[in-house]
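Colleague: Please take me through one part of this structure closely. I would like to look at the salt bridges.

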Amino acid sequence: MTGFARSEGTHAGWQWAWELKSVNGKGLDLRFRLPQGLDGLEPQARLATAARLKRGNVTLNLQATRPSAPPQLRINRELLDSLLALGRDLEASGVEPPRLDGLLSVRGVIETVEETETEQDRTALDAALLAGLEQALDRLATVRMAEGQRLRGVLEEQLDEIEQLTAAAARCAAVQPEALRERLREQIRTLLDMVPALSEERFAQEAAILISKGDVREEIDRLRAHIAAAREMLGNGGATGRQLDFLCQEFNREANTLCSKSTDVELTRTGLALKAVIEQLREQTQNIE
């Protein structure tokens with residue numbers, strides 16, 4: 001779930017650039033860094049990003065600038081007409097009328113007009129910035145997809161190893177029917193030698209407990225089922241990271257139970273090897289969406 005993407009463009013004098021950085025994360029954590037005055041864009045940008053990404057710690061940085069335009073000048077006609085009328089009156093009285101450059105230098109005759117941004121202008125800018133974000137998200141998704149394809153091979157290799165260890169556990173002499181029967185016979189003899197003697201009901205209960213504690217075939221069957229489920233998830237594609245993360249917990253549960261039930265060194269060694277590979281699988285699932 002790591003990656004970097006960038007998009008940039010211009011709109012109505014604005015220059016902007018999105019930079020998206022993604023690292024691994026169990027859930028989706030979005031952090032926006034928007035310029036002052038454009039922070040109102042975050043809710044829409046957050047929805048757009050959440051619709052595309054499901055996991056990862058993602059930082060979205062927007063840089064947007066608007067180069068200052070030369071000031072716009074406007075003549076205050078009303079004030080200038082008043083000054084011209086006054087000049088004519090002075091001229092009629094024999095006083096030399098003021099020069100035009102002098103009139104224009106009078107404060108207020110020439111005004112600086114600031115360009116105002118309308119609501120329609122802001123809406124158009126927001127649309128352009130969101131379109132740029134979609135472009136950056138497309139690029140980020142491509143990068144993350146390529147990483148996912150590489151990780152898929154790693155996950156499949158780990159599942160192969162889990163499958164091989166599960167098969168080895170199933171072949172272990174300690175889980176063969178005859179071995180189970182012989183161990184049960186020994187345990188029953190131990191129960192029969194107990195003093196005071198057990199009632200038939202208590203004996204049946206103790207025997208059932210011994211059988212359930214010594215037989216790991218159910219755990220092996222569940223491990224095989226989990227392997228099949230994991231392969232199906234990888235084959236279907238899409239966002240499977242959280243599902244695989246949950247499945248790793250189930251894998252680990254079965255491996256723990258197998259180790260706790262084991263009375264055989266070879267089976268215990270296999271169970272511990274299973275736990276090690278399952279932990280590696282769990283770490284890799286944190287890297288995919």
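**Salt bridges**

Modeller: The count comes to 15 salt bridges, each a side-chain nitrogen of Lys or Arg within 4 Å of a carboxyl oxygen of Asp or Glu. This is a predicted model, where local features need pLDDT of at least 70, side-chain atom pairs count only at pLDDT 80 or more, and totals for chains, interfaces and linings use all residues. Residues are numbered from 1 along each chain as its sequence is written, and side-chain values use heavy atoms, with hydrogens and water left out.

Start with R231 and D160. Their side chains meet in a salt bridge at 2.7 Å, N to O. This pair links distant parts of the chain, 71 residues apart: R231 is in helix α7 (residues 217-236) and D160 in helix α4 (residues 119-171). Helices here are DSSP runs of H or I, at least four residues, numbered from the N terminus. R231 has a relative accessible area of 30%, so it is partly exposed; that term covers values between buried, under 20%, and exposed, over 50%, with a 1.4 Å probe and protein chains only. D160 is partly exposed too, at 32%.

Now stay in helix α7. D221 and R224 are three residues apart there, so about one helical turn separates them. They form a salt bridge, with the closest N and O atoms 3.7 Å apart. D221 is partly exposed at 45%, and R224 at 43%.

Next comes helix α8 (residues 241-261). E250 and R253 both lie in it, three residues apart, about one turn. Their closest N and O atoms are 3.0 Å apart in a salt bridge. E250 counts as buried because its relative accessibility is 15%. R253 is partly exposed at 46%. Salt bridges that share partners also join E218, E219, R222 and E254 into one network.

Conventions
Helices (H or I, at least four residues) and strands (E, at least two) are DSSP runs, numbered from the N terminus.
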